[in-house]
Amino acid sequence: MKTRAAVAFQAGKPLEIVDVDLEGPREGEVLVEIKATGICHTDEFTLSGADPEGIFPAILGHEGAGIVVDVGPGVTSVRKGDHVIPLYTPECRQCPSCLSRKTNLCTAIRATQGQGVMPDGTSRFSINGEKIHHYMGCSTFSNFTVLPEIAVAKVNPDAPFDKICYIGCGVTTGVGAVFNTARVEMGSTAIVFGLGGIGLNVIQGLRLAGADMIIGVDLNNSKKEWGERFGMTHFVNPKEVGGDLVPYLVDLTKRGADTIGGADYTFDCTGNVTVMRQALESAHRGWGQSVVIGVAGAGQEISTRPFQLVTGRVWKGSAFGGARGRTDVPRIVDWYMDGKIEIDPMITHTLSLDEINKGFDLMHAGESIRSVVVY
Ligand code: NAD
Ligand code: AHE
Ligand code: ZN
């Protein structure tokens, strides 16, 4: 069949909206009509050429929602008509990682996913016989896409696609990092670096967890109002601190008899390795945990004095908010439907597929929180 898609032919070039050939689902695969997709900073990261795993030409996009329109042989967990969210972190429930119960990083299909192909090593997308790669196993910048059965979460059919697509990455990543990765307790102090599509979801997760002090850090002053909208209690613009950021934040988090300072939990949502270091070093001596969520480009490395760790700070990372997709994503959709978490106000722009490059422009200009493409 033919599908309309935004194709990344080359790094650093705008996406091109073209008709692409799509093969139907093979054994264990499903064909999904994508109804809506968010544009995440990670799509821009790969398009920019900074992703060591970036392959071109490819169909990017990993934050979608849609309907199963066909299933291949042997598919048992979903059927035609089911509403689903594609999962870039699948959940096979059989691999050593899934069985360990210690991680959400299912390893069943990670190798082929990173090579831009389906688990059998081939692509379902092509143009005039030339292969087009899949991306993060999802390729939601295509109106129709093929996914392994283990990489779709079946969700409440009443939920609106143009909102719940955001649960396919940003919402789950932010809220999940608070509950699954950091396991934040009531009354905690926290600092969130980077108040974009991910950071604001960390903030709403912290509010839900009952954190007392939620400090947001961003270079863009317009993010102050955004952070406050979701529960941030203090805003810091590093450019306006007039000195080193870390001692400033440590001082700000001193409470009561605690004269040491530092936050119980800090989260990097920028992908900037200097910020990652600041986030670690503004965590409390003895117990502060710092969670790296941001994705850094090829060749970038983090550093700190080992003394920071010797004195009890913990450096952690979080992918897809530590969520087990097929189990946790339907629950998060229900949280949204029950009004427990907010999504609508964060979707600042709704675009057609033809306008998708505008979504990247808005992100670069710091004018959007999330742009969503509706097919
Ligand atoms: P975004 O562009 O919406 O937001 C980034 C924010 O960081 C912006 O508000 C920007 O002003 C701010 N910022 C940039 N540099 C800063 C600095 N030096 N100090 C303070 N603030 C700064 O991006 P997003 O969609 O929220 O994604 C954030 C990061 O998370 C990206 O690196 C993305 O690739 C990554 N990400 C990771 C996962 C995961 O599973 N680990 C999932 C989704 C996104
Ligand atoms: N390809 C990059 C890594 C990118 C990365 O870390 N991706 C996150 C999800 S970002 C979603 O917006 C992730 O899930 N990582 C775990 C994994 O298995 O990829 C690189 O550096 O090579
Ligand atoms: Zn993402």
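Modeller: A crossing is called left-handed if the near helix is turned anticlockwise from the far one by less than a right angle, and right-handed if clockwise. Helices (H or I, at least four residues) and strands (E, at least two) are DSSP runs, numbered from the N terminus. This is a predicted model, where local features need pLDDT of at least 70, side-chain atom pairs count only at pLDDT 80 or more, and totals for chains, interfaces and linings use all residues. Residues are numbered from 1 along each chain as its sequence is written, with chains lettered from A and ligands numbered from 1 in the order in which they are written.

Now, the crossing of H5 and H6 is right-handed. Their axes (lines fitted to C-alpha atoms, for helices over the stretch in contact, with angles from 0 to 180 degrees between N-to-C directions) come within 7 Å and cross at roughly 40°. That makes H5 oblique to H6, since under 35 degrees counts as roughly parallel, over 145 as roughly antiparallel, 65 to 115 as roughly perpendicular and the rest as oblique. Contact means C-beta atoms, placed from the backbone, within 7 Å; H5 brings residues including Gly170, Val171 and Phe179, and H6 brings Leu200, Val202 and Leu206 among them.

And the sheet? It's open, six strands in the order S12-S11-S10-S13-S14-S15, with parallel pairing; strands pair if DSSP finds at least two bridges between them. Helix H5 (residues 170-182) packs on it, touching S13, S14 and S15, while helix H6 (residues 199-209) touches S10, S11 and S13.

Key. Contact = placed C-beta atoms within 7 Å.
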